[in-house]
Amino acid sequence: MSETILKIEGLSKVYGGGTRALDGVDLTIRKGEIFALLGPNGAGKTTLIGAVCGLVRPTSGTITAFGYDLSKEWRAARARIGLVPQELSTDMFETVERAVAYSRGLFGHPPDKARIEEILRSLSLWEKRSSQIRELSGGMKRRVLIAKALAHEPELLFLDEPTAGVDVELRKGMWEQIGALRERGTTVILTTHYIEEAELMADRVGIIRGGRILMVDDKHAIMQRLGTTEAVITLTKPLGELPASIAAFPVTLNDDGSELCYRGGDGSGKGSEEVAALTKALIGAGIDYKGIDIHDSSLEDIFVDLLAQEETAS
């Protein structure tokens, strides 16, 4: 089992007006993983990151990072943590290279031009090293934020909406860079609105809503446990009722009997196998069909369904 480098227990944050941003959050992060924290706007993602990075003072609960209690030894822990904030917050008149070098010195590391060059090259920023940050595109500015966060060689890196406002091509490039960080042994925690990022990159996924963690699990385990297969079979002739051989499947007829709707299986492929068996049963029952549309749940489908269930329950 991987080493635990971050442990959050009973973490709550209540602001002066009574707004509860975090509500008893428990979370454990393992060394070397990519962990995606998903949730709607206002769910508490940025507040949670702020609490770990020393930007938000919790109302209650404990945070332990690398064995340090952050309420007492936050400087030692923070030196091993990097943060790429959601908002662009840097001196826009500073050059790229100087801004990144300054961030390294801020955490007590000696100058290292070779390391700064390595970081800038890995983020395709080397050719822009002498440019003022204000001259860069939005995507390049976000890359500068990542470079600044990497300058002191953190072991744990927080990425708060790292690809917000970045075009598709740059987004894919940044996914590759995040994967390369993991290859070097950096533990990455990211929040994102692009759930495809979590599906593509994350080892584990946490879902947060209303300041509470609804679920944390291995990405593939979530897909298998909560994933479903949906199929719509368009019939050649409408059916008035389902024969027993067809009714044995998890299917329903639409109102005019022209479509047969299947929903079942899981994320392991069982649903596709069952749909194949259903089509054979239709042929065996003498029921012709002229089209079939099949869809397996994505992580986004599961996320939306879970939030909808939570909304109904509350």
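The buried residues of helix α5 are G139, M140, K141, R142, R143, V144, L145, I146, A147, K148, A149 and L150, where buried means under 20% relative accessible area with a 1.4 Å probe, protein chains only. Because 12 of the 13 residues of α5 are buried, this helix is largely enclosed by the rest of the structure. Helix α5 covers residues 138-150 and reaches 19 Å from its first C-alpha to its last, close to the 18 Å expected at 1.5 Å a residue; the expected span is 1.5 Å times one less than the number of residues. Helices (H or I, at least four residues) and strands (E, at least two) are DSSP runs, numbered from the N terminus.

This is a predicted model, in which local features need pLDDT of at least 70 and side-chain atom pairs count only at pLDDT 80 or more, while totals for chains, interfaces and linings use all residues. Residues are numbered from 1 along each chain as its sequence is written, and side-chain values use heavy atoms, with hydrogens and water left out.

Next comes a pair of helices. The axes of α3 (residues 96-106) and α4 (residues 113-122) come within 10 Å and cross at roughly 120°; axes are lines fitted to C-alpha atoms, for helices over the stretch in contact, and angles run from 0 to 180 degrees between N-to-C directions. That makes α3 oblique to α4, the term for angles that are not under 35 degrees (roughly parallel), over 145 (roughly antiparallel) or 65 to 115 (roughly perpendicular). On the α3 side, V96, E97, V100, A101 and R104 meet R115, I116 and L120 of α4, contact being heavy atoms within 4.5 Å. These residues divide into 5 nonpolar, no polar and 3 charged; Ala, Val, Leu, Ile, Met, Phe, Trp, Tyr, Cys and Pro count as nonpolar, Asp, Glu, Lys and Arg as charged, and the others, Gly among them, as polar.

Most residues other than glycine have a negative phi. F66, however, has a positive phi of about 55° and lies in the loop between β4 (60-65) and β5 (68-69). Its relative accessibility is 15%, so F66 counts as buried. E153 also has a positive phi, near 55°, and is found in the loop between α5 and β7 (156-160). At 40% relative accessibility, E153 counts as partly exposed, the class between buried and exposed (over 50%).

For the whole protein chain, the secondary structure comes to 11 helices and 14 strands. Buried residues make up 44% of its 314 residues.
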